[in-house]
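Visitor: I would like to learn how to read a fold from its coordinates. Where do we start?

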Amino acid sequence: MDSPNFDDASDMSIPTMSVNNKPVQIDGEARTLLVHFLRDTLGLTGTHVGCDTSQCGACVVMMDGRAVKSCTVLALQAQGSDITTIEGLISEDLHPVQAAFQQHHALQCGFCTPGMILTALDMIHRNPVLDEEKIRHELEGNLCRCTGYQNIVKAIKSAADQIRSE
Amino acid sequence: MDSRPGKGMRVHQALRHDSALKHVSGEALYVDDLPAPSDMLHIYIAMSPHAHARILEMDLDAVRVVTGVAAVVSAGDIPGQNDVSPVAGDDPLFAEGEVYYAGQSLFAVAAESLEIARAAALEAKVQYEILTPLITIDQARQAGSYIEDSQTMACGDAAAALKNAPRRLKGRMIIGGQDHFYLEGQVALALPQEDGDMVIHSSTQHPSEVQHCVARVLGLASHSVTVEVRRMGGGFGGKETQPALMAAAAALVVRKTGRPAKLCLDRDDDMKLTGKRHDFEINYHVGFDETGRIEGIDLALASRCGYSEDLSSAINDRAMFHVDNAYFLGQATITSHRYKTHTVSNTAFRGFGGPQGMMGIERVMDEIAMALGKDPLDIRKVNLYGKAPRNITPYHQHVEDNVAPELITQLEAHARYRERRAEIKDFNRASPFLKKGLALTPVKFGISFTKTHLNQAGALIHIYADGSVHLNHGGTEMGQGLLIKVAQIIAEEFAIDLGCVKITATTTGKVPNTSATAASAGTDLNGMAALNAAQEIKGRLIAFAAKHYHCAREHISFSDNHVTIGNRVIAFADLVNQAYLARVSLSSTGFYKTPEIHYDRATHRGRPFYYFSYGAAVSEVVIDTLTGENKVLRVDILHDVGRSLNPAIDRGQIEGGFVQGMGWLTTEELYFDDGGHLLTHAPSTYKIPACSDRPVEFNIEIWEKGSNLKETIHRSKAVGEPPLMLAISVFSALGDAVASVAGHKFMPRLDAPATPERILTAVEETRRRAGVGKS
């Protein structure tokens with residue numbers, strides 16, 4: 001994977017996307033998945049691979065403000081998009097959702113945590129009102145094997161309330 | 001975070017997981033996240049498509065010539081022994097001559113990318129002679145296929161007691177297995193070193209065993225292999241023996257190529273290739289009086305162990321140790337049959353056979369209640385362990401710390417069990433299709449490895465001249481919070497801030513010959529070993545201070561990052577530096593072995609457990625009798641963790657264990673076809689609990705009165721496994737809901753997992769037996 005190698009890209013400019021507010025060139029094979037591009041090419045290993053089949057949600061990132069499972073998106077599909085990974089969520093301080101997960105003990109082994117946080121951010125953006133039942137329903141695409149989700153729900157609710165009040 | 005100084009201000013505090021900040025920021029590194037060396041190879045394991053077959057020919061030439069393939073390794077390439085088993089020497093790294101389960105590893109391909117390795121593996125030409133497989137317990141029973149002799153544990157004369165009992169009943173239940181579904185799959189990264197040595201980064205609960213297995217496969221001495229693990233993305237027992245195969249394959253590729261190599265199983269391969277919780281069949285014959293008190297019982301356990309022994313011997317023993325759960329069984333005979341089948345070799349899984357054993361006796365309690373027309377809770381209470389002579393277990397250990405009666409009574413009142421029982425009765429009378437069920441079940445779980453020699457641990461502590469502490473021990477972190485708990489213990493001992501204690505990766509290079517982080521005993525063992533090391537250094541510091549400042553030892557004390565020496569108060573770091581300049585050793589190992597325990601396996605008698613952990617749960621469920629669909633409406637848990645070292649961590653274990661147990665007993669179904677192929681090998685078909693499955697109302701209380709009679713670390717109790725078995729209350733409540741369709745006259749034949757299909761079948765069968773038509 002030394003140089004761009006797209007089937008019909010010979011005389012086109014190199015495709016780019018923005019990852020955590022930095023422009024990056026999308027190199028690699030055309031079939032490269034976004035998750036592998038982020039992890040292997042950019043070294044952003046906070047995005048995890050849990051099931052390889054877009055069910056567990058460990059690989060969730062934000063693409064143009066919406067949560068996507070990056071194991072089901074080709075890197076090339078993200079051309080021109082803004083991608084935010086867990087590493088890009090921190091500015092000077094932790095993002096309120098990150099802080100809430102830490103505050104409420106909403107993690108154990110931590111493997112699902114980045115995907116949970118980005119899914120949480122997406123649901124907070126989309127839902128003006130977030131009660132526990134809604135959170136539970138919205139979180140169905142993210143699996144956690146360690147916790148019973150109790151503190152995860154609590155953390156999301158708390159972060160949502162905080163973000164609304166700001 | 002509360003890290004204020006003072007006695008008990010570091011232990012018994014609800015501190016965050018030490019890696020919490022790294023987890024929420026994505027900085028925590030798992031093995032697959034470690035920066036890849038530029039020349040690293042990626043490994044793919046080719047697996048057997050057949051459950052039982054003779055390998056007539058395995059031609060791998062076409063695999064080797066694929067562009068990008070660096071090495072292909074199979075059994076013939078192993079310089080040492082072709083064995084990655086924990087005990088019995090019967091788990092080949094690569095199949096040789098015969099395959100024994102669908103999914104068994106045949107050979108490994110190492111290539112420049114995983115895609116190349118996977119594609120190249122398809123070029124192999126393997127010819128098989130298909131042999132008849134034994135897939136089910138029934139098939140193995142008929143063929144007389146066992147991994148070891150059947151075991152019998154006996155207390156008194158069960159046959160006579162059964163004969164003389166006023167009432168008797170018989171029954172049978174099937175309990176399914178469970179896949180661990182740790183979110184981080186099995187992974188190992190092997191790095192070549194000089195002298196042919198090997199460094200392995202492994203996602204393992206048992207670095208020492210990985211070290212020993214890799215050395216055995218490569219024909220090296222153990223000192224040539226170093227295994228390191230900073231953290232796992234979940235373990236649950238699935239990373240106790242299983243990681244050895246991944247590590248050995250990666251190490252073999254390194255040996256062959258001289259290049260770093262990584263093996264990371266994808267989810268489907270992981271589920272096919274690695275062992276799971278044993279499925280069980282339990283037959284019971286119980287005699288009891290009109291109050292429901294058991295007088296004699298004959299319990300026969302049978303389990304599917306798979307193609308090899310793995311840890312099945314100890315797992316089935318633990319099932320036998322837990323068929324009593326919290327109850328005095330009177331005269332009891334317990335037999336255990338361990339069947340060898342052509343399926344993946346089943347292995348450790350949270351509870352280690354205990355949950356399956358407990359399922360059997362809880363079914364017996366429900367069935368006695370149905371037979372006598374009583375509330376199952378009353379049957380449970382009348383059978384609890386009590387004062388002598390009702391305090392002897394079937395393995396002849398006396399129950400000395402029985403808090404179950406008190407804890408159950410408290411939960412019964414707190415959860416309004418009786419009132420809700422009446423409300424549910426009313427609800428069911430008025431509701432034609434939806435039926436509710438309720439159950440309270442206790443847990444008593446024995447703490448210690450039942451193989452006595454495993455109950456030991458080591459630790460290593462350094463204090464650097466600036467006063468900072470480097471902490472290492474044999475325990476591994478899989479999310480359960482072991483490392484923060486041990487760090488709290490050390491910070492407490494030196495009375496320094498938690499931030500002064502550096503938590504470091506577990507490595508065989510620092511603490512040798514460790515036991516697996518398993519049996520819920522991680523904190524009990526490693527916490528004590530680390531304390532021992534800390535006390536050794538503290539003793540030297542006190543001796544130094546006494547001499548240097550001409551002060552009696554009893555006038556030296558540690559608090560608030562300082563040391564008081566007579567009338568003088570100096571910073572801890574300053575005392576450390578003074579001790580260094582005076583040439584005092586500031587490093588120490590620590591060691592611990594659990595006292596009092598012993599066990600004679602030949603007679604199944606002794607004291608295998610240092611103490612017991614207790615808990616109880618009330619679950620309320622609703623089922624749809626037209627579809628079998630179901631929901632857990634409310635759960636109340638009261639759990640005894642002794643004096644909690646960290647209530648936040650312990651609550652997490654209780655909640656997570658319960659939900660994992662609930663998954664085992666309701667939605668997680670391992671489905672093997674007649675040919676022995678696991679068909680539910682991905683989350684699309686294998687359903688672990690999702691967020692919406694968790695109980696609508698979920699109340700968890702740590703028992704305030706909890707303490708440990710034994711001198712465990714700060715009087716805490718083990719918490720990793722016991723809460724999983726609280727979920728038996730969900731299964732029991734589902735049975736209660738089903739039984740309501742025929743007025744609780746019959747115990748429904750409900751097996752686990754209680755999927756909607758099974759519940760629907762049980763509803764229809766119960767109605768048929770009762771002669772009740774559909775409402």
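Guide: We take chain A as a whole, then a sheet in chain B. This is a predicted model.

Visitor: How many helices and strands does chain A have?

Guide: Chain A has 5 helices and 5 strands. Their order along the sequence is β-β-α-β-β-β-α-α-α-α.

Visitor: What share of chain A is buried?

Guide: Buried means under 20% relative accessible area. In chain A, 54% of the 166 residues qualify. The chain exposes about 7200 Å², and carbon and sulfur atoms supply 46% of that area.

Visitor: Now chain B. In which order do the strands of the open sheet lie?

Guide: The order is β21-β22-β23, with antiparallel pairing. An edge strand pairs on one side only; here these are β21 (556-559) and β23 (568-571) of chain B. Neighbouring strands are turned by 25 degrees against each other on average, direction ignored.

Visitor: How many bridges join β22 to β23 in chain B?

Guide: There are 4, and β22 covers residues 562-565. Across this pair, B:Thr564 stands opposite B:Val569.

Visitor: Which strands does helix α16 of chain B touch?

Guide: Helix α16 (residues 572-581) packs on the sheet and touches β21, β22 and β23 of chain B. Its direction makes about 85 degrees with that of β23(B). Helix α15 (residues 522-548) of chain B lies across β21 and β22, at about 130 degrees to β21(B).

How values were computed:
Residues are numbered from 1 along each chain as its sequence is written. Chains are lettered from A and ligands numbered from 1 in the order in which they are written. This is a predicted model: local features need pLDDT of at least 70, side-chain atom pairs count only at pLDDT 80 or more; totals for chains, interfaces and linings use all residues. Side-chain values use heavy atoms; hydrogens and water are left out. Two strands pair if DSSP finds at least two bridges between them. Helices (H or I, at least four residues) and strands (E, at least two) are DSSP runs, numbered from the N terminus. Axes are lines fitted to C-alpha atoms, for helices over the stretch in contact, and angles run from 0 to 180 degrees between N-to-C directions. Contact means heavy atoms within 4.5 Å. Buried means under 20% relative accessible area, exposed over 50%, partly exposed in between (1.4 Å probe, protein chains only). Accessible areas come from the Shrake-Rupley method with a 1.4 Å probe; for residues, only the protein chains shown count as cover.
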